[in-house]
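Open the model in your viewer and keep the selection tool at hand. Each stop below says what to select and what is there.

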Amino acid sequence: MPLRPSLSLEMSAQTFRKYNYDCKEMKLFCQQHGGPTTGAKAALIDRIAHKLACKRWPAPESEPRASDLGVPDSARGELRRNTPVQVYKSDAATQAFFKKEVGEHFHVNGYLRSFKGKAPAKGTTYGQLIAGWEAFEAEQKAKKKAGTHVISSQFKYNQFQSEWSKHGCPVPKQVTMREAWEVTKNLPGEQTYKAYKEYCKHATLKRPRPDAQAARSAPKHSRTSGV
């Protein structure tokens, strides 16, 4: 099974989408070829695929970003549950507000990330954001308990780690989870635990051999000579 090729202008968009490239690699590619380097992983993938297919970078997005909408709500004054959401920003002050209202277990989840760079519906308050956060957390907890929790596809390493913790090493010759991921992330198609299992059917994975210095430093058994 062929492993991941280097990211270049010569590859097709279809080939590019078959493999997993991390954000650092994709941002470097964009920088080297005059493209914008901003955005999450999914945005970088779409942008590079467009460049490879159309031989040009896509036009800038017309949708305004949160930073273009004005002063963040957290900078206008103290946030309260009845404060209308005008320019949401997940800064330190906003997260401090959520921790005060929800508890120290608060974290930015998928529900709140959906507001990044977007203006919410008119009339939305921070109290409604709290309710939405709690509903999202409850749903995720129920799915996890039922075994139907799905990690977002952009977090492929987290997904792989979760499956590895659940099922363990799929081959008789034990390798570590990290060693297995180093192989999986370079496979074409989906970089998943299932893909790794399929790869193992056709390849023999070997653990790294100890270096020569370590081998030489191993104690040797002395021979006892007779008199």
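Predicted model: local features only at pLDDT ≥ 70, side-chain atom pairs only at ≥ 80, totals over all residues.

Residues are numbered from 1 along each chain as its sequence is written, and side-chain values use heavy atoms, leaving out hydrogens and water.

**Stop 1: two helices**

Select helix H2, residues 23–32, and helix H3, residues 41–54. Helices here are DSSP runs (H or I, at least four residues), numbered from the N terminus. The two axes come within 10 Å and cross at roughly 40 degrees. That makes H2 oblique to H3. Oblique is what remains once angles under 35 degrees (roughly parallel), over 145 (roughly antiparallel) and 65 to 115 (roughly perpendicular) are taken out. Axes are lines fitted to C-alpha atoms over the stretch in contact, with angles from 0 to 180 degrees between N-to-C directions.

Now show the side chains. H2 contributes Cys23, Met26, Lys27, Phe29 and Cys30 to the contact, and H3 contributes Lys41, Leu44, Ile45, Ile48 and Leu52. Contact means heavy atoms within 4.5 Å. The contact residues divide into eight nonpolar, no polar and two charged. Ala, Val, Leu, Ile, Met, Phe, Trp, Tyr, Cys and Pro count as nonpolar, Asp, Glu, Lys and Arg as charged, and the others, Gly among them, as polar.

**Stop 2: aromatic rings**

How many aromatic pairs does a search of the whole structure find? It finds 15. Rings of Phe, Tyr and Trp (its six-membered ring) pair if their centres lie within 6.5 Å; planes under 30 degrees apart are stacked, over 60 edge-to-face, the rest tilted.

Select Tyr88 and Tyr126. Their ring centres are 6.5 Å apart and their planes at 35 degrees, so the pair is tilted. Tyr88 sits in the loop between H3 and helix H4 (92–102), Tyr126 in helix H6 (residues 126–146), so the pair ties together parts 38 residues apart in sequence. Tyr126 is buried at 0% relative accessibility. Buried means under 20% relative accessible area, exposed over 50%, partly exposed in between (1.4 Å probe, protein chains only).

Next, select Phe106 and Trp133. This pair is also tilted, at 5.5 Å centre to centre and 40 degrees between the planes. Trp133 is buried at 3%.

**Stop 3: Lys89**

Select Lys89, in the loop between H3 and H4. Lys89 is partly exposed, at 45% relative accessible area. Lys89 touches Pro72 and Thr94, not counting residues up to four places away in sequence.
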